[in-house]
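Keep the structure open while reading.

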Amino acid sequence: MNSVTVRVPAKVNLQLAVGPLRDDGYHDLVNVFHAVSIFDEVTAVAETGMSVRVEGESADQVPEDGDNLAIQAAVALARHAGRSYGVSLAIRKAIPVAGGMAGGSADAAAALVACNELWGLGLPLEDLMEIASDLGSDVPFALLGGTAVGTGRGERLAPLEVGGTFHWVFALADGGLSTAKVYGECDRIRQEGGEPVGHPRAAEPLLAALRVGDARALGAELTNDLQPAALSLRGSLARTLQAGRAHGALGAIVSGSGPTCAFLAESEAHAETLAAALKTENVARDVLTAHGPVPGPTVVQGPPGR
Ligand code: C5P
């Protein structure tokens with residue numbers, strides 16, 4: 001049986017600066033993406049027709065029809081190749097669903113890589129990137145991995161050099177948050193405040209902290225313009241963030257559009273004690289530790305004979 005399995009990481013946003021609402025319904029961003037070691041696995045098996053099944057973390061909340069972003073990725077790739085390929089996708093989830101860690105985007109990126117291999121297309125990364133940006137704003141980064149700054153709606157990427165490994169704790173919440181709703185709430189809060197919204201800019205001190213691998217400096221520079229909106233929609237996250245700070249997190253932010261909260265630790269050992277403390281405090285459905293940056297999608301098992 002011809003099959004390809006691809007492992008793909010989650011992301012956290014180290015800076016998410018949101019500009020004004022554009023005419024196309026999107027916002028211009030400065031989005032510093034950072035891939036972390038929480039992985040989904042996507043297995044593609046040659047089949048007639050397109051299908052997907054999902055197992056693992058909150059799998060019951062992921063659609064198994066044409067709404068599934070990984071299936072949409074496979075369909076878009078076949079269309080790009082101008083052929084009527086089929087595939088059966090099996091997704092094993094560990095990345096929280098609708099959690100602000102780009103799990104759906106990761107699965108779409110993994111499906112692109114897996115089907116490119118399975119169907120022997122040999123398309124270069126640039127072609128996959130182009131298909132990816134039509135699928136969603138976070139899918140191009142999910143193809144790249146590592147750490148990168150995204151501009152435009154997040155799809156124009158410049159990789160960043162990072163001088164070390166950072167240790168993270170993630171507090172998973174019950175249920176997800178809709179990205180579109182969180183952006184909408186961000187606009188509503190801003191309108192209410194009446195402050196003009198400036199053009200987003202990359203934070204130099206954050207980029208410097210990344211370059212030299214300084215966790216303490218990075219922790220102080222973590223920012224997320226969507227955080228007030230996520231907190232407005234999910235008030236309980238304030239307690240989660242506060243618990244992490246109280247237990248010595250170097251930085252505590254909502255990840256992307258939430259509701260997952262991200263805490264930067266001083267070391268791997270500190271991440272473990274911080275995670276244990278958050279579990280004891282009962283401020284999350286589950287608590288995970290991870291490190292970053294990690295590479296993007298990786299083929300862990302390919303078709304026989306290749
Ligand atoms: O691109 P994606 O489909 O992931 O975006 C989901 C939703 O998030 C969009 O429909 C839009 O409401 C919001 N969004 C935005 N500005 C961005 C990215 C996403 O307003 N740069």
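This is a predicted model: local features need pLDDT of at least 70, side-chain atom pairs count only at pLDDT 80 or more; totals for chains, interfaces and linings use all residues.

Residues are numbered from 1 along each chain as its sequence is written.

**Overall fold**
- The protein has 10 helices and 12 strands (DSSP runs, H or I of at least four residues for helices and E of at least two for strands, numbered from the N terminus).
- The radius of gyration is 19 Å, close to the 19 Å that the globule rule gives for 306 residues, so the protein is as compact as a globular protein of that length. The radius is taken over C-alpha atoms, and the rule is 2.2 Å times the number of residues to the power 0.38.
- Along the principal axes, the C-alpha atoms fill a box of roughly 55 × 45 × 35 Å.
- Buried residues account for 52% of the 306 (buried: 20 or more other C-beta atoms within 10 Å of the residue's own, with C-beta atoms placed from the backbone).
- Of the contacts between residues at least 6 apart in sequence, 76% join residues at least 24 apart (contact: C-beta atoms, placed from the backbone, within 7 Å).

**Ligand shell**
- The residues around the ligand include Gly25, Tyr26, His27, Asp138, Arg153 and Tyr183 (near means a C-beta atom, placed from the backbone, within 6 Å).
- β2 (27–46) and α5 (179–193) each supply at least two shell residues. The largest share, three residues, comes from α5.
- Domain 1 (3–160) and domain 2 (166–292) each give at least three residues to the shell; the domain bounds come from an automatic or database domain assignment.
- By class, the shell has four nonpolar, six polar and two charged residues. Ala, Val, Leu, Ile, Met, Phe, Trp, Tyr, Cys and Pro count as nonpolar, Asp, Glu, Lys and Arg as charged, and the others, Gly among them, as polar.

**Annotated region**
- UniProt, in an unreviewed entry, places "domain: GHMP kinase N-terminal" at residues 68–146. UniProt positions are in the numbering used here, feature names are shortened, and annotations may be inferred rather than shown by experiment.
- Residues 68–146 are 58% helix and 9% strand, with end C-alpha atoms 25 Å apart.

**Val12**
- Val12 is in strand β1 (residues 3–21).
- Val12 counts as buried because it has 29 C-beta neighbours inside 10 Å.
- Not counting residues up to four places away in sequence, Val12 touches His34, Val36, Met101, Trp168, Ser255 and Ala262.
- The C-alpha atoms of Val12 and Asp24 are separated by 25 Å, with the two residues 12 apart along the chain.

Note on methods
A residue is buried if 20 or more other C-beta atoms lie within 10 Å of its own, exposed if 12 or fewer, and partly exposed in between; C-beta atoms are placed from the backbone. Two residues are in contact if their C-beta atoms, placed from the backbone, lie within 7 Å.
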